[in-house]
Amino acid sequence: MKKLQYNSPVILTFFFASLFVLALDAITGGASTLAAFCVYRSPVSPLFFVRLFGHVLGHSGIQHFLGNMTLLLVLGPPLEEKYGSQTLLVGIAFTAVTSGILQCILFPNAALLGASGIVFMLIMLSSLAGMKSGQVPLTLLLVAALYLGDQVYSILFVRDNVANFMHIVGGACGTAFGFAVAKPRR
């Protein structure tokens, strides 16, 4: 009989933590998410620093959760295998804090929650796979053009509650992080 393997500790823990936060949100009528799992500018609060990291675990509902987690579970494990658990965790934390701080500075009257920035960080990081020393992968440029084009279009012409600017921030974090930690092939 085959055993289950916890093959991607960072990604699987992120998934299960997000699932727990979603359940907690339902149980508390959204109070837990507002308190600890979405980031917004607030008076000095000890929970601000929890929210700065925790906002990536909160989701506005099951559809938001499923959309983010499907991509996270597809993209994350190969990247965790390639870069290592600790390195990927640093990338997730870097993206969470960067997007959280920018949200508070640029959009002080709005809250941010969800793993979309992390997912877009993973998308851009995966487009760097197979990078050779001294070269920029064409996949990176194509993904960036398609992704940025879609996000800019959405910012200009689509009115919804999606934080498209923070998606761009997540993609930029993934690109910067990818170049910083990439082990290019020769």
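**A glycine in a helix**

Mentor: Gly-76 counts as buried, because its relative accessibility is 0%. Please bear in mind that this is a predicted model.

Trainee: Which helix is Gly-76 found in?

Mentor: Gly-76 belongs to helix α4.

Trainee: And what is Gly-76 in contact with, leaving aside its neighbours within four places in sequence?

Mentor: With those neighbours set aside, Gly-76 touches Ser-8, Ile-11, Leu-71, Leu-88 and Leu-122.

Trainee: How far apart are Gly-76 and Leu-88 in space, C-alpha to C-alpha?

Mentor: Their C-alpha atoms are 8.6 Å apart, with the two residues twelve apart in sequence. Leu-88 lies in helix α5.

Trainee: Is Leu-88 buried or exposed?

Mentor: Leu-88 is buried, because its relative accessibility is 1%, and the cut-off for buried is under 20%. Beyond its neighbours within four places in sequence, Leu-88 is in contact with Ile-11, Gly-76, Leu-79, Glu-80, Leu-122 and Leu-125.

Trainee: What separates the C-alpha atoms of Leu-88 and Pro-77?

Mentor: The separation is 9.9 Å, for residues eleven apart along the chain.

Trainee: Changing topic, how many residues are in the largest nonpolar core?

Mentor: That core has 26 residues, and those with the most contacts inside it are Phe-14, Met-69, Leu-72, Ile-92, Ile-118, Leu-122 and Leu-125. At least two residues of this core come from each of α1 (9-28), α4 (62-83), α5 and α6 (116-126). In soluble globular proteins, nonpolar side chains tend to be buried together.

Trainee: What is Leu-72 in contact with, past its neighbours within four places in sequence?

Mentor: Leu-72 is in contact with Ile-11, Phe-14, Phe-15, Pro-77, Ile-118, Val-119 and Leu-122, when those neighbours are left aside.

Trainee: Why is α6 described as largely enclosed?

Mentor: Nine of the eleven residues of α6 are buried, so the rest of the structure largely encloses this helix. The buried ones are Ser-116, Gly-117, Ile-118, Val-119, Phe-120, Met-121, Leu-122, Met-124 and Leu-125.

Trainee: What covers the buried residues of α6?

Mentor: The cover includes α1, α4, α5, α7 (138-157) and α8 (164-181).

Trainee: Since α8 came up, is Ala-180 buried or exposed?

Mentor: Ala-180, which lies in helix α8, is exposed because its relative accessible area is 63%, where exposed requires over 50%. Ala-180 and Met-69 are 25 Å apart in space, C-alpha to C-alpha, and 111 residues apart in sequence.

Trainee: Back to α5: where is Ser-99, and is it buried or exposed?

Mentor: Ser-99 sits in helix α5 (residues 85-106). Ser-99 is buried, because its relative accessibility is 5%.

Trainee: Which side chain does the side chain of Ser-99 join in a polar contact?

Mentor: The partner is the side chain of His-55, at 3.3 Å. The Ser-99 side chain also reaches the backbone oxygen of Thr-95 at 2.9 Å. Leaving aside neighbours within four places in sequence, Ser-99 is in contact with His-55, Leu-112, Met-166 and Val-169.

Trainee: Last topic: how much space lies in the second largest pocket?

Mentor: About 170 Å³. The lining consists of Val-10, Thr-13, Phe-14, Ala-17, Phe-53, Gly-54, Val-56, Leu-57, Leu-89, Ile-92, Ala-93 and Ala-96.

Trainee: Which helices each supply at least two residues of that lining?

Mentor: They are α1, α3 (47-54) and α5.

Trainee: How do the lining residues of the second largest pocket divide into nonpolar, polar and charged?

Mentor: Ten are nonpolar, two are polar and none is charged. Phe-14 and Ile-92 are part of this lining, and both are among the residues with the most contacts inside the largest nonpolar core.

Terms used. Residues numbered from 1 in each chain as written. Predicted model: local features only at pLDDT ≥ 70, side-chain atom pairs only at ≥ 80, totals over all residues. Heavy atoms only, no water. Helix = DSSP H or I, 4+ residues; strand = E, 2+ residues; numbered from the N terminus. Buried < 20%, exposed > 50% of the residue type's maximum accessible area, 1.4 Å probe, protein only. Polar contact = N/O pair within 3.5 Å; in protein donor to acceptor, adjacent residues only side chain to side chain. Contact = heavy atoms within 4.5 Å. Core = buried A, V, L, I, M, F, W, Y, C linked by side-chain atoms within 4.5 Å. 1 Å grid on protein atoms, 1.4 Å probe; cavity = no way out; pocket = protein on both sides within 12 Å on 5 of 7 lines; lining within 4 Å. Points joined across faces, edges and corners; volume = space filled by probe spheres on them. Nonpolar A, V, L, I, M, F, W, Y, C, P; charged D, E, K, R; others polar.
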